[in-house]
Amino acid sequence: LIGVSADVALIGTLLYRRGDYPAAVSAYETATTLSPRDYRLWRNLAAGYDKAPGRQERAAEAYRKGLDLAEQERALDPTDGRVVIEVADCAAMLGEKARARALAAEALELAPKNSEVQYMAADIYETLGDRASALRWLGVALRAGYQRTLLETSPSFATLRTDPRYTKMIASMPAAPAKAR
């Protein structure tokens, strides 16, 4: 993301995480207008549509646009695990379960130490209804350095955070080191 579209997308993400989905959608719509070829923006817009009241019917179209653009990006570098996991996420949201699972596994192989890829894999598994795999990959992501605060504010994991297995997993994590003052 570059320039103004990145700033607008960041605002959209902050609004999304606060639960202000209509405002997030507005920001993401602006961002996709400014950078219409950025698959990440389309994926974010789709997620916003999915949560915004009265906008759900537009989510699939935005996920398809994000998927098409991500596939074009993947064709340029099929070894980029970050792009592959984005393709997997769009596929999962479009109900392409087998494809999403295969792509998530591929992305994890391509980027075995990338906590963002691990986190997104957990999100995909949660979307697919595989809570055990979602918890496993969340644990891996957190141990690899993924920010726990981002997990704790993610709408995708609201239900998962109520699972006793999540509470047990979090309790078993080492405390974050204190920041230097």
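Does Gln 118 count as buried or exposed, and at what relative accessibility? Keep that residue in mind while you look over the whole chain, because the tour ends there.**Whole chain**

The model is a predicted one, in which local features need pLDDT of at least 70 and side-chain atom pairs count only at pLDDT 80 or more, while totals for chains, interfaces and linings use all residues. Residues are numbered from 1 along each chain as its sequence is written, and side-chain values use heavy atoms, with hydrogens and water left out.

Colour the chain by secondary structure, and you will find 10 helices and zero strands, where helices (H or I, at least four residues) and strands (E, at least two) are DSSP runs numbered from the N terminus. Show the C-alpha atoms next: along the principal axes they fill a box of roughly 45 × 35 × 35 Å. The radius of gyration of the chain is 16 Å, which agrees with the value near 16 Å for a compact globule of 181 residues; this radius is taken over C-alpha atoms, and the globule rule is 2.2 Å times the number of residues to the power 0.38.

Switch to a surface, and the chain exposes about 9,600 Å², of which carbon and sulfur atoms supply 54%, with areas from the Shrake-Rupley method and a 1.4 Å probe. Of the 181 residues, 47% count as buried, meaning under 20% relative accessible area, whereas exposed means over 50% and partly exposed lies in between (1.4 Å probe, protein chains only).

**Helix H3**

Select residues 39-51, which form helix H3, and within that helix pick out Asn 44. Its side chain makes a polar contact with the side chain of Arg 43 at 3.2 Å; such a contact is a pair of N or O atoms within 3.5 Å, where within protein one must be able to donate a hydrogen and the other to accept it, and residues adjacent in sequence count only if both atoms are side-chain atoms. Residues up to four places away in sequence aside, Asn 44 touches Thr 13 and Tyr 28, a contact being heavy atoms within 4.5 Å.

**Helix H7**

Move on to residues 115-127, helix H7, where Gln 118 lies. With a relative accessibility of 2%, Gln 118 counts as buried. Display its surroundings, leaving out neighbours within four places in sequence, and the residues in contact with Gln 118 include Leu 108, Trp 137, Val 140 and Ala 144. Pro 112 is also among these contacts, and the side chain of Gln 118 reaches the backbone oxygen of Pro 112 at 2.9 Å. Finally, draw a C-alpha to C-alpha distance from Gln 118 to Ala 104: the two are 14 residues apart in sequence and 8.9 Å apart in space.
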